[in-house]
Amino acid sequence: MFKSKAKEDTGGTTSELVMFNYCRPARARLVALGSGGRIWLVETLDRVHGVWVWEDECHHGDQALEQARRLSLMLS
């Protein structure tokens, strides 16, 4: 498990909470919405294409973190 402090990206639109890599890489990150709000996205890595794939969205970081952890435990 790789933990990092939430860091603002250069555009100020995305912060990453945590990334898990048990059976497959998964992450939870905070994304700014155009309306001024923020939402947590839960994503998994598509190793074939090298892109992060949306899995779910949450309003609370704890919920997003738990979903990312569970997804990382699933077999690819």
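Modeller: Glu66 and Arg69 sit three residues apart in helix H1, so about one helical turn separates them. Keep in mind that this is a predicted model.

Colleague: What makes Glu66 and Arg69 a salt bridge?

Modeller: The closest N and O atoms of the pair are 2.7 Å apart. The cut-off is 4 Å between a side-chain nitrogen of Lys or Arg and a carboxyl oxygen of Asp or Glu, so the label applies.

Colleague: And which salt bridge does Arg70 make?

Modeller: Arg70 meets Glu66 too, at 2.9 Å from N to O. Those two are four residues apart in H1, so again about one helical turn lies between them.

Colleague: Why is Arg70 called exposed?

Modeller: Its relative accessibility is 53%, and exposed means over 50%, so Arg70 gets the label. Glu66 at 30% is partly exposed, and Arg69 at 29% is partly exposed as well.

Colleague: Is Ser72 buried or exposed?

Modeller: Buried. Ser72 has 0% relative accessibility, and the limit for buried is under 20%, so the call follows. Ser72 is in helix H1, residues 61-73.

Colleague: What is Ser72 in contact with, apart from its neighbours within four places in sequence?

Modeller: Phe20, Tyr22, Cys23, Arg24 and Ala26. Also, a polar atom of the Ser72 side chain lies 2.6 Å from the backbone oxygen of Arg69.

Colleague: Over to the strands. How do you know that S3 and S4 pair?

Modeller: DSSP has to find at least two bridges, and S3 (residues 25-32) and S4 have seven, in the antiparallel sense.

Colleague: What joins S4 to S5?

Modeller: Seven bridges, with S4 and S5 (residues 51-58) running antiparallel. Trp54 in S5 is the bridge partner of Glu43. This hairpin has four residues between its strands, and Gly50 in the turn has a positive phi of about 70°.

Colleague: Why is Leu41 called buried?

Modeller: Its relative accessible area is 14%, and buried means under 20%, so Leu41 qualifies. Leu41 belongs to S4, residues 38-46. Among the residues Leu41 touches are Arg27, Ala28, Trp54 and Glu57.

Colleague: What makes Glu43 and Arg27 a salt bridge?

Modeller: Their closest N and O atoms are 2.7 Å apart, and the cut-off is 4 Å, so they count. Glu43 is in S4 and Arg27 in S3, so the pair ties together parts that are 16 residues apart in sequence. Both residues are buried, and Arg27, Arg29 and Glu43 are linked in a network of salt bridges.

Colleague: How many salt bridges are counted by this rule?

Modeller: Four.

Colleague: Last one: which residues are in the largest nonpolar core?

Modeller: There are 10: Phe20, Ala26, Ala28, Leu30, Trp40, Val42, Cys58, Ala64, Ala68 and Leu71. The elements giving two or more residues to this core are S3, S4 and H1.

Colleague: And how do the elements follow one another along the sequence?

Modeller: The pattern is β-β-β-β-β-α, from five strands and one helix. Of the 76 residues in the chain, 32% are buried.

How values were computed
Residues numbered from 1 in each chain as written. Predicted model: local features only at pLDDT ≥ 70, side-chain atom pairs only at ≥ 80, totals over all residues. Heavy atoms only, no water. Buried < 20%, exposed > 50% of the residue type's maximum accessible area, 1.4 Å probe, protein only. Polar contact = N/O pair within 3.5 Å; in protein donor to acceptor, adjacent residues only side chain to side chain. Contact = heavy atoms within 4.5 Å. Core = buried A, V, L, I, M, F, W, Y, C linked by side-chain atoms within 4.5 Å.
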